[in-house]
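My notes follow in the order I took them.

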Amino acid sequence: MTAEWIWKNGELVAWQDATVHVTAHALHYGSSVFEGVRAYATPQGPALFRLEPHTRRLLNSAKIARMQVPYTAEQINEAIIETIRRNGHESCYVRPLLYRGAKKLGVEGRENPTELVIITMEWGRYLGAEAIEQGVDVQVSSWRRMAPDTGASLAKIGGQYVNSQLISMEAHDNGFSEGIALDYSGSVSEGAGENIFVVLNGVVYTPGVGSSVLMGITRDSVITLLKEQGRDVRFETISRDMLYIADEIFMTGTAAEITPVRSVDRLPVGAGKRGPVTTAVQEEFFALTSGQKSDRHGWLTPVRPA
């Protein structure tokens, strides 16, 4: 469902009027930074999952991209809440986007104004409605993640997602739901838009920041929950062949949430279905985000005033 209103540069405008000029710098050079945030339906109304860390990462991405932002974190948070309220969502996906607008062309774009839009929409399971339970089939991509000195993996910069597009399109063309990228050294990095966890012999492994991964907020939440469940979580370099002998693999992200992987390069992962570690952390995650369990970590921001 398309929302009726979009927040643009300080005011709510009709969806069809939230336009960008064709000379906007971001259209030509990818000079944008963005976030993805979910608001979940709870008994108390919609609640945003980890809003403040998402906004902080948005501003950190802008800092890395040398973008001057004319809004504070508090103003952005308030605008997100206002947009959800105005559109009447019970649950939704939120896309805050900072971008360099129209003034002049040329790669050096810092003279162009920074604009902010906040888009809300109803968006189901990113990798398919059945993916959460049945898992997805993935391939190791022929495309690599950027080396540390060729991009900024800790920032969600629009132009960098051309790499993710190539990974995703290749996977879809080959009949897979998603692709997994290796890093510059040939070790496992992440999916086109997801972090990755590998379970082997009772230990949960995930690549560290040195493997050109985004420091995912869902990733961080899942690590917290896994440790609460007594799991041994290790940040280590993961070789490609470790994917083939894993007991379980799952991917995390705001859009993907927690999605099990049932096969890699057509080799089944474990029993070829969602495993017990994945199931346990999924159940805890969705119990917290739905309000079925108390928000013991303070992760939820209610949209409607109490």
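I call a residue buried when its relative accessible area is under 20%, exposed when it is over 50%, and partly exposed in between. The model I am reading is predicted.

**Val 233**

I started with Val 233, which comes out at 13% relative accessibility and therefore counts as buried. I found Val 233 in strand β13, which covers residues 232–235. I then listed its contacts, setting aside neighbours within four places in sequence: Val 204, Ile 223, Leu 226 and Lys 227. I also checked Val 233 against Ala 287: the two are 54 residues apart in sequence, and their C-alpha atoms are 21 Å apart in space.

**Thr 114**

Next I looked up Thr 114, in strand β7 (residues 114–121). Its relative accessibility is 14%, so Thr 114 counts as buried. Which backbone oxygen does the side chain of Thr 114 reach? I found that of Gln 68, at 2.8 Å. Gln 68 is also on the contact list of Thr 114, along with Met 67, Pro 70, Leu 98 and Tyr 99, once neighbours within four places in sequence are left aside.

**Positive phi**

I noted two residues other than glycine with a positive phi. For Asn 9, phi is near 50 degrees. I place Asn 9 in the loop between β1 (5–8) and β2 (11–14). Is Asn 9 buried or partly exposed? With a relative accessibility of 31%, Asn 9 counts as partly exposed.

For Glu 257, phi is near 55 degrees. I found Glu 257 in strand β15, which spans residues 257–264.

**Helices α2 and α3**

I describe two packed helices by the angle between their axes and the distance between the axes. Helix α2 runs over residues 51–64 and helix α3 over residues 73–87; I read an angle of about 125 degrees and an axis separation of 10 Å. That angle makes α2 oblique to α3. I recorded the crossing of α2 and α3 as right-handed.

Which residues make the contact? From α2 I listed Leu 51, Glu 52, Thr 55, Leu 58 and Leu 59. From α3 I listed Ala 73, Ile 76, Asn 77, Ile 80 and Ile 81. I sorted the residues of this contact of α2 with α3 by type and got seven nonpolar, two polar and one charged.

Note on methods: Residues are numbered from 1 along each chain as its sequence is written. This is a predicted model: local features need pLDDT of at least 70, side-chain atom pairs count only at pLDDT 80 or more; totals for chains, interfaces and linings use all residues. Side-chain values use heavy atoms; hydrogens and water are left out. Axes are lines fitted to C-alpha atoms, for helices over the stretch in contact, and angles run from 0 to 180 degrees between N-to-C directions. Helices (H or I, at least four residues) and strands (E, at least two) are DSSP runs, numbered from the N terminus. Angles under 35 degrees count as roughly parallel, over 145 as roughly antiparallel, 65 to 115 as roughly perpendicular and the rest as oblique. A crossing is left-handed if the near helix is turned anticlockwise from the far one by less than a right angle, and right-handed if clockwise. Contact means heavy atoms within 4.5 Å. Ala, Val, Leu, Ile, Met, Phe, Trp, Tyr, Cys and Pro count as nonpolar, Asp, Glu, Lys and Arg as charged, and the others, Gly among them, as polar. Buried means under 20% relative accessible area, exposed over 50%, partly exposed in between (1.4 Å probe, protein chains only). A polar contact is a pair of N or O atoms within 3.5 Å; within protein, one must be able to donate a hydrogen and the other to accept it, and residues adjacent in sequence count only if both atoms are side-chain atoms.
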